[in-house]
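Work through the exercises below with the sequence and the model at hand. Each task is followed by a worked solution.

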Amino acid sequence: MREFRLDEPPPRELNSLRRAWDRDDDRPAIRSRGRAREHRRRAHLLEAQHPEQLAEPGQRLLEHPGQGVVRRVPSRDAGAAVDDDDLCLGDEIVDGRPDLDRLVANDAVAGNDGARFRDPLLQPDAVVVAVRRPRVAHGDQAHANGALLRRGRSVCIRAHPRPIVLAVRGRSATLPAPVTDPATVVDRAVERLRPLHRDASLAWWDANLAATEEHERRRVETELALSDALADPDLYREISEARDSGATGLDRRQLDLLHASAVPHQVPAELRHRIVELEAAVEARFSQHRGVVGGRPVDDNEIKRILRTSDDSAERREAWEASKTVGEAVAEDVRELARLRNQAARSLGYRDWFALAVDISEMDEARLFETLDECDRLTADRFARWKSGTDARLAERFGCTVDELRPWHYEDPFFQEVPAAGGVDLNAVFADRDVVRLARETYAGMGIDTAGILDRSDLYPRDGKCQHAFCIDIDREGDVRVLANVENDRYWADTMLHELGHGMYDLGFDPSLPWLLRDCHLTVTEGIAILMGGLVWDAEWLERVAGVAAGEAADLDDRLRAVRAAELLVFTRWVLVMTNFERAFYSDPESDLSSTWWSLASRYQLLTPPARDGAPDWAAKIHVACAPVYYHTYLYGNLVAAQLRTSLEGVAGGLVGRSEAGRFLAERVFAPGESVRWDRLLEQATGEPLTAAHAARTIDRGLAG
Ligand SMILES: [Zn+2]
């Protein structure tokens with residue numbers, strides 16, 4: 001039961017977009033809209049120029065407070081404080097502190113929040129303020145609003161991404177509370193993020209429907225706008241402070257999600273922009289590229305058809321090699337993406353992009369590899385036995401020895417699926433069926449209406465259109481769409497069930513949840529999608545939905561179980577290749593990646609590497625470029641699917657035609673959205689933490705005979 005959409009680059013940017021923020025509606029900041037943009041831009045520039053000059057000198061000031069230094073104040077309030085005409089810089093504090101003197105002298109003061117300084121506790125003569133802002137370069141005093149040099153010295157407050165040190169002398173002064181109220185921070189973040197998210201989602205959709213220059217331009221533009229919002233250092237600081245201020249419950253949960261979204265964007269703007277633009281360029285090339293077979297360009301469906309039906313090894317080889325030519329076309333750019341992503345990750349203190357990606361997806365890298373190693377141990381012997389039998393059949397079919405089998409003898413270009421020779425060829429079942437209708441009826445049988453999704457979707461192949469499949473929630477208010485390239489075969493039957501699984505999840509969030517929480521963790525939504533796609537291997541589904549004769553379906557049952565088991569085996573081995581490859585890829589993008597790729601395929605998939613003379617076959621897998629460090633999510637999805645299936649069998653006796661199953665999923669899995677962390681959600685729904693036991697049992701039962 002593989003049942004995932006491997007060729008489904010997830011809308012990665014969208015998945016992280018759901019967390020941004022805005023503080024522009026805040027009272028003191030509402031008048032400073034124009035400034036915020038200027039400050040943000042400048043802060044980035046300075047970050048790039050002076051990465052080493054962060055708050056360390058200011059920290060010293062705090063550790064060795066001068067006379068009367070009483071507290072540290074966040075920038076917003078420091079800005080308010082220093083904006084009074086009677087304010088003077090604290091010469092006493094500055095005396096004898098050349099480092100601070102330099103810093104103060106170099107600072108620039110903005111400020112038209114003077115009203116806040118009328119606070120009686122902040123009498124000017126009672127306050128002496130020294131503000132330093134180490135990222136501001138000497139002479140960097142320009143202000144969009146024309147403010148303001150004070151007595152020849154000017155201090156800029158808001159542009160600083162970290163708290164400003166404010167030294168206060170005189171009687172104890174209470175400055176206005178920093179804006180860290182969690183609910184307020186969340187509200188403003190959502191107000192800013194929500195329209196950007198929607199714009200980017202629509203642009204993503206359009207760009208995948210037709211890879212035109214205009215669509216690409218708009219997609220990049222909207223993604224950058226979203227990325228810029230998430231990158232705003234002031235906003236990041238505000239989220240972090242609100243998060244550290246004791247936020248609890250749903251506020252805390254929303255702040256956690258916002259924080260995880262913003263973290264990877266806290267890198268210099270130029271670097272972020274290069275990554276987004278390069279990703280878009282590579283993805284466009286994947287959409288447009290066509291390999292050549294028999295002298296004519298062919299799309300992925302045609303290549304798969306040849307690999308499914310041809311008994312001619314030479315033709316198979318040509319088709320397989322055609323499927324890899326996109327790798328040559330994009331390899332150098334994909335390497336460059338790894339360098340740029342690593343640069344970004346390291347600027348945030350991570351080892352590399354792999355470490356960052358795992359961390360911000362609420363996973364633990366050590367635990368991930370423990371799980372992968374466990375899956376390796378659980379499947380190695382079974383896989384070797386299964387493949388040995390399969391290879392014998394393939395060798396017979398192609399009239400060669402087992403030793404002569406090469407990757408093109410398997411049905412999928414990456415050997416990520418079970419060849420028909422390994423089990424039951426269901427394509428005949430679907431040849432004269434409308435797979436979209438079958439999918440709709442499957443969901444209807446569970447009490448779930450998918451008509452709204454299907455009406456908005458774009459389901460059939462067309463030139464210039466993305467050849468893959470995905471589901472996207474445009475606005476978290478019901479506009480959920482599927483892109484597919486349906487043909488009436490088993491693959492697309494599986495895919496339609498899969499994508500509508502994502503779709504029904506997106507439609508199932510409790511509508512009273514806050515916008516940020518009307519979302520789901522990738523692991524669980526993949527689990528649902530895999531669970532649903534897997535129904536094409538289910539004898540009950542084949543009989544009741546696909547109309548296979550009852551006796552025939554019953555006869556198929558054992559063999560279908562074996563195929564499901566084999567699919568899970570094959571897929572697990574493939575994920576071991578992908579995930580280990582990606583870790584190696586980010587560990588050293590300059591290494592011999594072709595060797596790494598084929599040595600992993602040899603070790604985990606037991607493939608005999610073809611003579612490829614260093615060809616970058618690894619780059620032909622679109623996920624490496626466009627869905628980085630995502631693949632393990634599919635394996636987790638399989639574990640989740642197996643676990644949920646066990647629960648559904650207990651609760652409703654299965655899925656097909658059972659509205660109780662639909663209700664269980666709606667109430668226990670969909671409704672909570674992101675209000676609960678994914679691993680706890682799964683535990684709440686199924687009564688136990690994530691375990692590979694159910695998936696292992698599927699394999700054991702299926703292949704026991
Ligand atoms: Zn999926």
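The model is predicted, so local features need pLDDT of at least 70 and side-chain atom pairs count only at pLDDT 80 or more, while totals for chains, interfaces and linings use all residues. Residues are numbered from 1 along each chain as its sequence is written, and side-chain values use heavy atoms, leaving out hydrogens and water.

**Exercise 1.** State how many helices and strands the protein has, and what share of its residues is buried.

Solution. Step one: the protein has 28 helices and six strands; these are DSSP runs numbered from the N terminus, with helices (H or I) of at least four residues and strands (E) of at least two. Step two: 61% of the 705 residues are buried, where buried means under 20% relative accessible area, exposed over 50% and partly exposed in between (1.4 Å probe, protein chains only).

**Exercise 2.** Classify the aromatic pair of Trp-205 and Phe-470, and locate both residues.

Solution. Step one: rings of Phe, Tyr and Trp (its six-membered ring) pair if their centres lie within 6.5 Å; planes under 30 degrees apart are stacked, over 60 edge-to-face and the rest tilted. Step two: the structure holds 26 aromatic pairs. In the pair of Trp-205 and Phe-470, the centres are 6.2 Å apart and the planes stand at 90°, which is edge-to-face. Step three: Trp-205 belongs to helix α7 (residues 182-209) and Phe-470 to strand β5 (residues 470-473), 265 residues apart, so the pair links distant parts of the chain. Step four: Trp-205 counts as buried because its relative accessibility is 4%, and Phe-470 is buried at 1%.

**Exercise 3.** How are helices α25 and α28 oriented to each other, and which residues make the contact?

Solution. Step one: α25 (residues 632-652) and α28 (residues 693-703) pack at about 80°, with axes 7 Å apart; axes are lines fitted to C-alpha atoms over the stretch in contact, and angles run from 0 to 180 degrees between N-to-C directions. Step two: α25 and α28 are therefore roughly perpendicular (65 to 115 degrees; under 35 is roughly parallel, over 145 roughly antiparallel, the rest oblique). Step three: Leu-639, Ala-642, Gln-643 and Thr-646 of α25 meet His-694, Ala-695 and Thr-698 of α28, contact being heavy atoms within 4.5 Å.
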